[in-house]
Amino acid sequence: VTRIAESIFRFAESLEKEKKFKEAASQYERIALEIPEAVIADISLFNAGFAYEKVEDWPRAILVYQRLKNQYQESKLVPKSIFRTAKCYEKMVKWDEAAETYLRLVANFPGDTLIPTSLFNAGFCFEKNKKYVEAAMTFEKLAMSFPQLNDAADVLFKAGELFGRIKDWRSVTRVNKEFSRRYGNDEDRKIQAECMVGIALYMQNKKNEAIQQLRQAITTYASLKNPSTSNNYYAAKAQYTIGDIYHEYQNSVILFQPENVYKRLLRQKSSYLEKTVTEYSKVIQYEITEWTTRSIFQIGQSYEDFAIGMFQQERPNNMSVEKSLALE
């Protein structure tokens, strides 16, 4: 029995080498169907599922992985088969099913090496499906459960941003405090920690406080002798966010009559435009492509918004035709 199973297995391998993946998958499945007691039956099913993935037959791959999980519950390959099932759901753009499958793996195999990746992927799937609460909670759980990961800081930062998107300020504050506690004294994460504080304030509409905190992040960055790539990125982000805040201030100024009020508002709007362009322009010095590109775009947007504000201004009553035309 063992030799027959091995013979079929080797034949399936040879088909794989010839890139005949569907035929190979069929041979791998034969072992579990015809010789289910074979020692290599579980790995044969796993290989069959993977072969179906290579020809993008996601539903068939899922069926094979589920058969492995149900038929060989004690197999060490069960966690991997659940993980690959979730991956197939991702390929099919079934975000909910993918996320739930990843979390099932986390719940049933808490000590498995795939748990951190599964949590990250589950958070990603929730975010893709615009389930921001679930995404934020999953990312936070990952960062809290595996603080030793290289990406733990970025994941925690992501959780804070998502909580901010749904305006859950209590959670933003909680995540922000945890981020600062962990990374506030870490030179590689120092700017990121200060930047996150500023963004949390901005999310809570505390714009003046946010500007002060973001400027503090930029000042701290300037004092570093050898800033890391991460610090460079978040210093640019802090500078960009200051530009965003002034841009919002600019757009909030609505021009209306009488003339003395109108002139005061116009000076104020012009001042904010100048500050907006100045702050966005400073982003370029960090030489981060993403933030430079966005800043250049936003400078153009600021001028456009200013022009629209002028066009939409309140017109004085009883103007002569000449003055009306001049105003337009």
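Biologist: Which helix holds E178, and is E178 buried or exposed?

Modeller: This is a predicted model, where local features need pLDDT of at least 70, side-chain atom pairs count only at pLDDT 80 or more, and totals for chains, interfaces and linings use all residues. Residues are numbered from 1 along each chain as its sequence is written, and side-chain values use heavy atoms, without hydrogens or water. E178 sits in helix α10, residues 169–183 (helices are DSSP runs of H or I, at least four residues, numbered from the N terminus).

Biologist: Leaving aside neighbours within four places in sequence, which residues does E178 contact?

Modeller: Contact means heavy atoms within 4.5 Å. Beyond those sequence neighbours, E178 touches M144 and L156.

Biologist: Good! How are helices α2 and α4 arranged relative to each other?

Modeller: Take α2 as residues 21–34 and α4 as residues 58–71. Their axes (lines fitted to C-alpha atoms over the stretch in contact, with angles from 0 to 180 degrees between N-to-C directions) come within 12 Å and cross at roughly 30°. Angles under 35 degrees count as roughly parallel, and α2 and α4 are therefore roughly parallel.

Biologist: Which residues of α4 do E29, A32 and L33 meet?

Modeller: Those three residues belong to α2. Across in α4, their partners are R60, V64, R67 and Q71.

How values were computed
Helix = DSSP H or I, 4+ residues; strand = E, 2+ residues; numbered from the N terminus. Parallel < 35°, antiparallel > 145°, perpendicular 65-115°, else oblique.
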